[in-house]
Amino acid sequence: MTQKQNKRVYSLKIMAKDYYEILGVNKEASEDDIKKAFRKLAHKYHPDKKDGDATKFKEINEAYSVLSDNKKRNEYNTYGKNFNGAAAGAGSNGGFEGFDFSQFTQGFGGKDAGVEFDLGDIFGSFFGGQGRQAERTKRGRDISIDLELTFSESIFGVERNMFVTKTSLCSQCKGTRAEPGSDYKTCTTCNGKGKIHETKRSFIGAFASVRTCDTCHGSGKIPSHLCKKCKGAGVNHGQEEISVKIPAGVEDGEMIRMTGGGEAIPNSQAGDLYIKIHVRKDKLYRKEGMNLVADISVKLTDALLGGDLPLKTIDGDLTVTIPVGVSHGEILRVRGKGVPIDNYRRGDLLLKISIVLPQKVSKKAQKLIEDLRQEGI
């Protein structure tokens with residue numbers, strides 16, 4: 001391929017249609033703005049109208065078909081029209097369907113192509129994720145642990161201290177990698193830039209990428225004397241005691257995220273700690289929203305005549321009054337004994353009544369029941 005051909009291929013890219021300009025909207029336009037602009041222009045240039053323009057109408061439809069579809073619009077915003085569908089792994093060709101690789105040479109993107117630009121951001125994932133995007137998102141590893149709570153702890157919340165094995169910043173150098181009091185010198189690997197520029201060749205040409213310097217970890221400087229405790233690593237691997245505050249009303253299986261509680265990397269953001277909650281089931285109570293619910297068995301005589309029912313609740317011992325003539329399946333409400341909503345309010349305790357009928361009755365009981373029948377009860 002000649003130098004002239006290279007220039008022509010690139011000029012086609014920069015002269016790709018600007019769909020936003022075609023519809024007369026800016027890049028931040030909302031879906032409604034795009035729809036209104038399309039309707040106005042489509043009405044103006046419709047081929048059936050006297051002053052219509054079939055070519056312009058087709059161009060408007062093409063622009064609207066892309067910008068009205070969120071996925072296509074995102075691809076267009078990122079790659080431009082010529083890169084449509086160029087997401088990695090989107091097909092057998094790595095997502096480059098319709099892309100003419102025959103137009104690429106090793107000089108593509110260099111001076112002989114008439115322009116200089118860095119494709120590291122776009123193709124960084126093809127070369128070990130070393131583009132600028134990978135650099136921006138570099139952070140410590142997330143970790144997860146499991147935590148078991150009693151039913152009462154899940155209702156009222158609890159503060160727990162626990163030990164987590166992870167990589168943490170060195171307690172002596174605080175991640176600086178330097179012995180306390182040590183001065184710094186310029187990193188000779190990156191000449192104080194903190195980054196290493198590399199050029200990688202592939203079947204589609206040569207691409208520039210930038211990665212963080214492994215020697216200074218991006219700081220551009222190295223200590224004259226390395227920290228003795230971490231041997232210059234800036235981190236130590238071991239157990240760290242953490243305090244976790246579990247909120248009231250937490251659900252079984254819920255995940256709690258502690259930002260920055262994961263593993264640490266010098267000169268970078270720490271990962272997050274995820275705590276998966278496991279709540280032990282209570283023999284009597286279950287949680288439904290902000291209420292606590294229990295199924296209560298009541299004797300037939302208590303259902304007919306009323307009575308007092310002693311209960312053990314998460315607040316302690318409680319005596320509930322069974323009203324006279326309570327029905328099977330009726331729910332008794334004890335206000336303010338449920339899940340805490342805030343410092344001043346709580347849900348309710350709901351007691352679902354189940355009347356227990358005797359399996360066997362004595363002759364005396366049979367006589368009494370027969371008398372009740374005679375009275376129409």
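Modeller: Start with a lysine over an aromatic ring. This is a predicted model. K56 lies over the face of Y45. The distance to the ring centre is 6.0 Å.

Colleague: How many helices and strands are there in the chain?

Modeller: Both kinds of element are present in the chain. The strands number 15. The helices number 10.

Colleague: What percentage of the residues of the chain count as buried?

Modeller: The cut-off for buried is under 20% relative accessible area. The chain has 377 residues. The part that counts as buried is 34%.

Colleague: And contacts in the chain with a separation of 6 or more: what percentage is accounted for by residues 24 or more positions apart?

Modeller: Take the contacts with a separation of 6 or more. Residues 24 or more positions apart account for a share of 61%.

Colleague: Now the aromatic rings. Is the pair of F38 and Y64 stacked or edge-to-face?

Modeller: The count comes to one aromatic pair. The ring centres of F38 and Y64 are 4.1 Å apart, and the planes meet at 10°. Planes under 30 degrees apart count as stacked. At 10°, therefore, the pair of F38 and Y64 is stacked.

Colleague: Which helices hold F38 and Y64, and how many residues apart in sequence are the parts that the pair ties together?

Modeller: F38 lies in helix 3, residues 31-45. Y64 lies in helix 4, residues 54-67. So the pair ties together parts whose separation in sequence is 26 residues.

Colleague: Is F38 buried or exposed?

Modeller: Buried means under 20% relative accessible area. F38 has a relative accessible area of 15%. So F38 is buried.

Colleague: Which residues does L23 touch, not counting those up to four places away in sequence?

Modeller: L23 lies in helix 2, residues 19-23. L23 is buried, with a relative accessible area of 3%. Both rings of the stacked pair, F38 and Y64, are among its contacts.

Colleague: What separates the C-alpha atoms of L23 and A37?

Modeller: Along the chain, L23 and A37 are 14 residues apart. The C-alpha atoms are separated by 6.0 Å.

Colleague: What is the phi of R177?

Modeller: R177 is a residue other than glycine.

Colleague: Which residues line the largest cavity?

Modeller: The count comes to one cavity of 30 Å³ or more. The largest cavity has a volume of about 40 Å³. Its lining is Y285, L292, T313, I314, D315, K337 and L349.

Colleague: Which helix gives the largest share of the lining of the largest pocket?

Modeller: The largest pocket has a volume of about 420 Å³. Of its 15 lining residues, the closest to the centre are L300, T301, L304, I369 and L372. Helix 9 (300-305) and helix 10 (363-374) each supply at least two residues of the lining. The largest share, five residues, comes from helix 10.

Colleague: Last one. How far apart in space are V320 and G307, C-alpha to C-alpha?

Modeller: V320 lies in strand 13, residues 316-322. At 7% relative accessibility, V320 counts as buried. V320 touches G307, along with D308, L309, L311, L332 and L351, not counting residues up to four places away in sequence. V320 and G307 are 13 residues apart in sequence, and their C-alpha distance is 8.5 Å.

How values were computed: Residues are numbered from 1 along each chain as its sequence is written. This is a predicted model: local features need pLDDT of at least 70, side-chain atom pairs count only at pLDDT 80 or more; totals for chains, interfaces and linings use all residues. Side-chain values use heavy atoms; hydrogens and water are left out. Rings of Phe, Tyr and Trp (its six-membered ring) pair if their centres lie within 6.5 Å; planes under 30 degrees apart count as stacked, over 60 as edge-to-face and the rest as tilted. Helices (H or I, at least four residues) and strands (E, at least two) are DSSP runs, numbered from the N terminus. Buried means under 20% relative accessible area, exposed over 50%, partly exposed in between (1.4 Å probe, protein chains only). A charge sits over a ring if NZ of Lys or CZ of Arg is within 6 Å of the ring centre and within 35 degrees of the ring normal. Contact means heavy atoms within 4.5 Å. On a 1 Å grid over the protein atoms alone, a cavity is a set of points where a 1.4 Å probe fits but cannot get out, and a pocket is an open set with protein on both sides within 12 Å along at least five of seven lines; lining residues have an atom within 4 Å of a point. Grid points are joined across faces, edges and corners, and a volume is the space filled by probe spheres set on the points.
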